[in-house]
Amino acid sequence: MNARRRLTSRLTIPPIAFAIFLAFGLPAFGHTPGEAPSETRRDSTRQASVQPSVVDATRMGEPVALDQGWRFHTGDDSQWSSPAYDDSAWRPFDPQRGIDDQNFATFRGFVWLRIHLRLASAHGPLSLFLDQVGNSYQVFSNGQSIGNYGSFGSIYGYRLPAPLVFPLGDTATGNAAVLAIRLWAPQHRPIAMIRPRTVWIGPSTAIKTLQTAIRSTQVIYQFDDIVVGLLGLLIGCGLVCLFLAERPHREYLWAGISLALIGLYYADGVLGALGVLPLRSFEISYIALGYASIVAGIEFLYRFIGQRPGMIVRIYQLALLACASLGVLAYYGLVNGVTLNSTAGVVTFSYAVLSFALLVVWYLRGKREAAILLPPVVFFGLAVPLEFFSYVVYVMGWTKTPDSLIPDLHWGPVHFVFSSIAIGFYMLSFPVILGYRFLSTNREQERSAAELAAANRVQSRLVPVTFPALGRFSMEAAYIAAAEVGGDFYQAFPEPDGGLLFYIGDVSGKGLSAAMIGTLIVGAIQALAAQRLSPARSLTVLNQQLAGQTDGGFVTCLCARISAGGTMTISNAGHLAPYLDGAEVNLANGLPLGISSVADYTEQTVELPEAARLTFVSDGVVEATNARRELLGFARTQELSVLPAAAIAQAAQTYGQSDDITVVTIQLAPVAVLHQG
């Protein structure tokens, strides 16, 4: 979180970064700032202790850091830019001592800084380089304005600090110059004063080289934040794409959103630290992105463990979204940095505690994948809140630097904040655990696909789409499963005397278990058909065979034997009565199969007219339910019974399918037609 430290504590360029410039940026100028080629070390030390009122900037072959000789005064007067103005009564300002020691943090409105310079007699074009000196200021050279940054009088003109170069032009043609900087801050903002090695003067080409070198060190200083930002965006976008391929798994979506928001949070911080974003956009978006990422992270956790957040968690999420508006309040000065960082520390710690608790519970329930997230969550829960509180105790004056509680790490010129390492580790755990889940899900889907293929083969035995030659009888069938497979079944067997034996039934429940019981029944029915038992006896034997085999459920079944002459003998075990030419057949009803092993079944005989049409349906037709929770019902089913089987099934599905839909019609051909054939 380099951006927050850099912008709130006003840190200067780190010594390592400056060393890079000294090593690579200045050798072209022959020596480093503050050392004249002809001076000995003793002379240099003696001159530094004199602190002259006129600063010697005659070494114009190189940039010179203006770290001494400044005087300041609060208020605003246009005469203060004039080189003739006597500023001897102004208080001296030493950038080395820091802002708080000189009470600049309490100043509001305008503050002027002035410095008197002695220039080389034969210098070329000069430029002034201000490295993130202030938020709104104007620069004068010998009484003439040479540029400004931001604007005065409005918070909207108050901007993030940026490294800027101001050519002196013809304002400094002689061997002396008076520079003045007019700084401004609104009532709720402190004056941002200059710090060591942030104001430089020198030849324009050398200043440009210096600006490039310092800009490079600033980018290097943000290296860990840049890496974390890119990591969050890449992993987050990858997880969102994974969700698009696996839409039922919304944990991928929320993990992707959370990490992408963290990536944007860090990217926002880097752009702010480099002075690219406007202050208003930075403060509002930076804080909002941080809290939004936590809200999305909570949503991910609950999706991950397969639970819905309770009311308390929802209230917590709403409170976090409310905290996202703190950036607006901070921009207008209604909350300060201590409040912002204290709130952020409490929130990130509470999020880590919630995450830890959920993952431990999930792990104890046998979900070993939760163990992958536990270490990074603990690391995150310790490092990130401590980072925020470290800044708070620094501002309160309890520590000397913002990184006193957690020292920053350095690897050559690269700078690492401990919290960035923790969040990077936290981010990398997501593709590991979700990748593991994705592979496990794929393996499970492959097993399910194999089971489904087997189930489809089973289903084809339960509800055949073609029938053998049936003599006088023609049959149509339509079947629409509520799940991949179902428990409805029907079987038709031609008999040697030209008759037809027909079974239709429904196993309670849905899915593969119902289909497997249906397969058991069909096997038993095929064995019974060869024995030429009566319908009632067939149901009695089936009931005895199914005793204890239905997993606590039951099976409805209807058996009908239709002779070639049109006599139907029928017995029913709890199934829906068929329709004969659009009228319901009045049947005695017995217990469904599998409920009682001693159940007794009766049968009755119905004489069918020539060209009779029988329609058999499952309860999925009658129990079809529309959006108003109204059943299709028996009356509508009876009206539909004169239609082809496919039309009846389609009408029930359109009305509102809630169970397997099965329709079978048996049409008797007239005897005269049969003889003609």
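## Rings and contacts in a predicted model

Me: Is Asn626 buried or exposed?
Reply: Its relative accessibility is 12%. Buried means under 20%, so Asn626 counts as buried.

Me: Which side chain makes a polar contact with the side chain of Asn626?
Reply: A polar atom of the Asn626 side chain lies 2.8 Å from the backbone nitrogen of Glu630, but that is a backbone atom. The side-chain partner, at 3.1 Å, is Tyr655.

Me: How many aromatic pairs does a search of the whole structure find?
Reply: Let's look across the whole structure for these pairs. The search finds a total of 20.

Me: What kind of aromatic pair do Phe379 and Phe418 form?
Reply: Phe379 is in helix 11 (residues 370-395) and Phe418 in helix 12 (residues 418-462), 39 residues apart. Their ring centres are 5.3 Å apart, with 75 degrees between the planes. Planes over 60 degrees apart count as edge-to-face, so the pair of Phe379 and Phe418 is edge-to-face.

Me: What is the relative accessible area of Phe379?
Reply: Phe418, its ring partner, is partly exposed at 27%. Phe379 is partly exposed too, with a relative accessible area of 23%.

Me: Which residue has its charged end over the ring of Trp90?
Reply: Elsewhere, Arg182 lies over the face of Phe152, at 4.5 Å from the ring centre. For Trp90, the charged end sits 5.9 Å from the ring centre and belongs to Arg114.

Technical notes: Residues numbered from 1 in each chain as written. Predicted model: local features only at pLDDT ≥ 70, side-chain atom pairs only at ≥ 80, totals over all residues. Heavy atoms only, no water. Phe/Tyr/Trp six-rings, centres within 6.5 Å; stacked < 30°, edge-to-face > 60°. Helix = DSSP H or I, 4+ residues; strand = E, 2+ residues; numbered from the N terminus. Buried < 20%, exposed > 50% of the residue type's maximum accessible area, 1.4 Å probe, protein only. Lys NZ or Arg CZ within 6 Å of the ring centre and 35° of its normal. Polar contact = N/O pair within 3.5 Å; in protein donor to acceptor, adjacent residues only side chain to side chain.
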